[in-house]
Amino acid sequence: MENNLFKDIKTRLIDAEIRPTYQRIKILEYLDEHRTHPTADEIYSSLAPSIPTLSKTTVYNTLATFKESGLVNEIRINGIETRFDIILKPHGHFTCVECGELFDFDYNIDSFATKDLNDYKILNKSFIVEGICPKCLKTKQKQ
Ligand SMILES: [Zn+2]
Ligand SMILES: [Zn+2]
């Protein structure tokens, strides 16, 4: 089972014409297993204990390569925090102002009128909704 996943990740890298080094495989695998839209720092801190040779620079460079090759999407929240998303299908993000988690929801920007933006060059089609997630709402109610 684990072997299959590993192979699949490796194939994905090869298909994207990225040399499947051990570190790149581990980073893409992490993104595939943790669909929480992690930041580069989170990925680094999670993988570093098991990959002593991993550097922060490698993680940043690898994510940049993945992004260029269309393996991941970059989500920028308020222009400051950059997170990475392995789900490439267009979807919206709900960000919880309490816990900071990012949740996916079905949403397709192409399905509604963007003709008002005809004269604009679109760089990023992310759609972010801010609010409080059900878990945090429950905690708040208990207080
Ligand atoms: Zn929350
Ligand atoms: Zn997402």
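Mentor: Let's go from the metal site to the sheet, then to the salt bridges and a surface patch. Keep in mind that this is a predicted model, where local features need pLDDT of at least 70, side-chain atom pairs count only at pLDDT 80 or more, totals for chains, interfaces and linings use all residues, and side-chain values use heavy atoms, with hydrogens and water left out. As for labels, residues are numbered from 1 along each chain as its sequence is written, while chains are lettered from A and ligands numbered from 1 in the order in which they are written.

So, what holds the zinc ion (ligand 2) on the protein side? Its protein donors are H37 (NE2), D85 (OD), H91 (NE2), H93 (NE2) and D104 (OD), at 2.0 to 2.2 Å. A donor here is an N, O or S atom within 2.8 Å of the metal (3.2 Å for Na, K and Ca), and since water is not among the atoms, sites may look incomplete. Along the sequence, the donor residues follow the spacing H-x47-D-x5-H-x1-H-x10-D. Helices (H or I, at least four residues) and strands (E, at least two) are DSSP runs, numbered from the N terminus. H37 is buried, with a relative accessible area of 1%, whereas D104 is partly exposed at 34%. By the cut-offs, buried means under 20% relative accessible area, exposed means over 50%, and partly exposed is in between (1.4 Å probe, protein chains only).

Strand β4 takes us to the sheet. Three strands make up an open, mixed sheet, ordered β4-β3-β5, with β4 (102–106) and β5 (128–131) as the edge strands, each pairing on one side only. Strands count as paired if DSSP finds at least two bridges between them. Between β3 (residues 91–96) and β4, which run antiparallel, there are five bridges. One of the zinc donors, H91, has D106 of β4 as its bridge partner.

Now the charged pairs. A search of the whole structure turns up ten salt bridges, each a side-chain nitrogen of Lys or Arg within 4 Å of a carboxyl oxygen of Asp or Glu. In one of them, D32 and R35 meet at 2.5 Å, N to O; D32 is buried at 13% relative accessible area, while R35 is partly exposed at 46%. Another joins D41 to K56, with their closest N and O atoms 3.6 Å apart. That pair links distant parts of the chain, from D41 in helix α3 to K56 in helix α4 (residues 56–68), 15 residues apart. D41 is partly exposed at 33%, and K56 is partly exposed at 40%. E74 and R76 also form a salt bridge, at 2.8 Å, N to O, and R76 is partly exposed at 44%. Shared partners also tie D8, R12, D32 and R35 into one salt-bridge network.

Last, the surface. L117, Y120 and I122 form a nonpolar patch there, with about 300 Å² of accessible area together. L117 belongs to the loop between β4 and β5 and is partly exposed at 35% relative accessibility.

Terms used: Patch = residues over 30% accessible without salt bridge, like charges linked within 9 Å, V, L, I, M, F, W, Y side chains within 5 Å. Areas by Shrake-Rupley, 256 points an atom, 1.4 Å probe, with all protein chains shown as cover.
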